[in-house]
Amino acid sequence: RGRPQPKPRLRAHRLVRASGRAAAGAAQPAGTMAPFARNDKTILEIALPALVGGVLALVFTAYTYATLKREPTGKDVGRPLVDKYGAMIKDGAMAFLKEEYKWLSVFVVLLGGILCALFSVEDQHTKLDGVLTTFAFFLGAILSASAGWLGMMVATDGNTRTTAACAGKEVKDSQGKVTGGTGSLNDGLRVAFKAGSVMGFVVVGLGLVGCAGCFCILAMHQGLGKTESLQILAGFGFGASSIALFARVAGGIYTKAADVGADLVGKVEAGIDEDDPHNPAVIADNVGDNVGDVAGMGADLFESYVGSIIAAATLAKRDNEIALPFWLSACGVVAAMIGTMAVFTNE
């Protein structure tokens with residue numbers, strides 16, 4: 001009488017299923033969880049994808065540069081003047097960067113000494129805060145300058161090869177008159193984009209390897225946790241910013257002065273056509289374009305890239321959030337490699 005009681009067989013079946021799920025969960029090892037399911041990540045779990053992505057970017061850079069060097073030059077297509085003027089521009093760009101980096105190195109050393117003294121006066125985390133911050137600062141400055149230098153060297157080599165690819169070998173009619181060339185827009189675009197991609201992957205590769213590697217070194221130091229290491233890692237971004245600021249501004253001032261000088265002296269006073277190679281200021285103008293728009297831009301992009309990674313990781317509270325910018329950057333390297341192979345034009 002009263003309410004019907006549940007069947008004993010059904011109740012036993014539910015108990016068996018519940019106990020089976022509990023036993024399976026207890027038997028599952030902790031290491032089999034998904035990468036972002038655990039919050040207690042090790043240093044390598046956070047930074048290793050970025051290190052691998054940075055190495056892949058540098059390897060892809062070396063491969064792309066090797067293929068670029070196999071492209072024909074002006075001499076190969078019967079236009080030796082292209083190589084002659086390209087060598088002038090490259091020599092001028094190298095001379096400017098050497099002089100600029102010489103004075104920048106003095107500034108970086110002085111500023112690094114000031115940072116070391118400031119962070120050594122009061123111990124925030126460890127007694128070596130000043131030394132570690134200065135180390136991160138110097139590393140960021142060196143890699144930022146290297147990104148600009150390497151990118152500009154490849155760009156100056158790519159200038160002549162892009163011209164040779166667009167022009168091609170001369171085509172003459174039956175009377176021996178030059179009527180055109182064998183080059184095409186797609187040939188020039190392919191070579192130019194190849195030279196530009198070297199610059200981009202150098203920035204990404206050095207940025208990821210330097211940023212993730214510096215984070216690993218700091219985090220493995222006794223007395224520093226992940227949060228404290230990210231605070232000191234800000235010195236890495238500050239070093240990159242120091243180089244980017246002066247490289248961008250100095251190159252811009254130089255190229256603008258050369259551009260205005262070429263117009264005033266060449267066209268107004270001497271009556272020389274614009275971009276005529278007989279005007280020395282035209283060579284200086286092209287030198288300025290390379291040191292400002294290539295070397296300066298490379299250092300600027302390096303600073304922005306590592307700065308965004310450091311800022312996003314510093315704002316994070318959990319290990320999963322700290323690892324996210326490093327993991328996304330590594331995924332971006334793979335996506336960029338695939339994208340560079342799909343650039344062409346039918347025009």
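This is a predicted model: local features need pLDDT of at least 70, side-chain atom pairs count only at pLDDT 80 or more; totals for chains, interfaces and linings use all residues.

What follows is a chat about the fold, the core, the rings, the surface and the charged pairs.

Q: Great. How many helices and strands are in the chain?
A: The chain has eight helices and two strands. Both kinds are DSSP runs numbered from the N terminus: helices are H or I with at least four residues, strands are E with at least two. Along the sequence the pattern reads α-α-α-α-β-β-α-α-α-α.

Q: And what share of the residues count as buried?
A: Of the 347 residues, 40% do. Buried means under 20% relative accessible area, exposed means over 50%, and partly exposed is in between, using a 1.4 Å probe and protein chains only.

Q: What about contacts across the sequence?
A: Take the contacts between residues at least 6 apart in sequence: 79% of them join residues at least 24 apart. A contact here is heavy atoms within 4.5 Å.

Q: Now the core. Which residues touch the most other members?
A: In the largest nonpolar core, which has 71 residues, those are Met152, Leu233, Phe236, Phe302 and Phe326. Such a core is a set of buried Ala, Val, Leu, Ile, Met, Phe, Trp, Tyr and Cys residues joined through side-chain atoms within 4.5 Å. Two or more residues each come from helix 2 (43-69), helix 3 (80-121), helix 4 (129-167), helix 5 (185-219), helix 6 (226-269), helix 7 (280-315) and helix 8 (319-340).

Q: Which helix gives the most to this core?
A: Helix 5, with 17 residues.

Q: Is phenylalanine 137 buried or exposed?
A: Phenylalanine 137 is buried, at 0% relative accessibility, while phenylalanine 138 is partly exposed at 29%. Elsewhere, ring pairs link Phe60, Tyr63 and Phe201 into a cluster.

Q: What makes up the nonpolar surface patch?
A: Leu44, Leu48, Val52, Leu56, Met220, Val334 and Ile338 make a patch of about 650 Å². Patch residues have over 30% relative accessible area and no salt bridge; like charges are joined within 9 Å, and nonpolar side chains (Val, Leu, Ile, Met, Phe, Trp, Tyr) within 5 Å. Areas come from the Shrake-Rupley method with a 1.4 Å probe, and for residues only the protein chains shown count as cover. Helix 2 gives the most to the patch, with four residues. Isoleucine 338 lies in helix 8 and is exposed, with a relative accessible area of 58%.

Q: On to charges. How many salt bridges does the structure hold?
A: Seven. Each is a side-chain nitrogen of Lys or Arg within 4 Å of a carboxyl oxygen of Asp or Glu. One of them joins lysine 194 and glutamate 71, at 3.2 Å from N to O. Lysine 194 lies in helix 5 and glutamate 71 in the loop between helix 2 and helix 3, so the pair ties together parts that are 123 residues apart in sequence.

Q: Are those two buried or exposed?
A: Lysine 194 and glutamate 71 are both buried. Glu71, Arg190 and Lys194 are also linked in a network of salt bridges.

Q: What about arginine 248 and aspartate 300?
A: Their side chains meet in a salt bridge of 3.9 Å, N to O. Aspartate 300 is in helix 7 and arginine 248 in helix 6, 52 residues apart. Aspartate 300 is partly exposed at 25% relative accessibility, and arginine 248 is partly exposed at 29%.

Key
Residues are numbered from 1 along each chain as its sequence is written. Side-chain values use heavy atoms; hydrogens and water are left out. Rings of Phe, Tyr and Trp (its six-membered ring) pair if their centres lie within 6.5 Å; planes under 30 degrees apart count as stacked, over 60 as edge-to-face and the rest as tilted.
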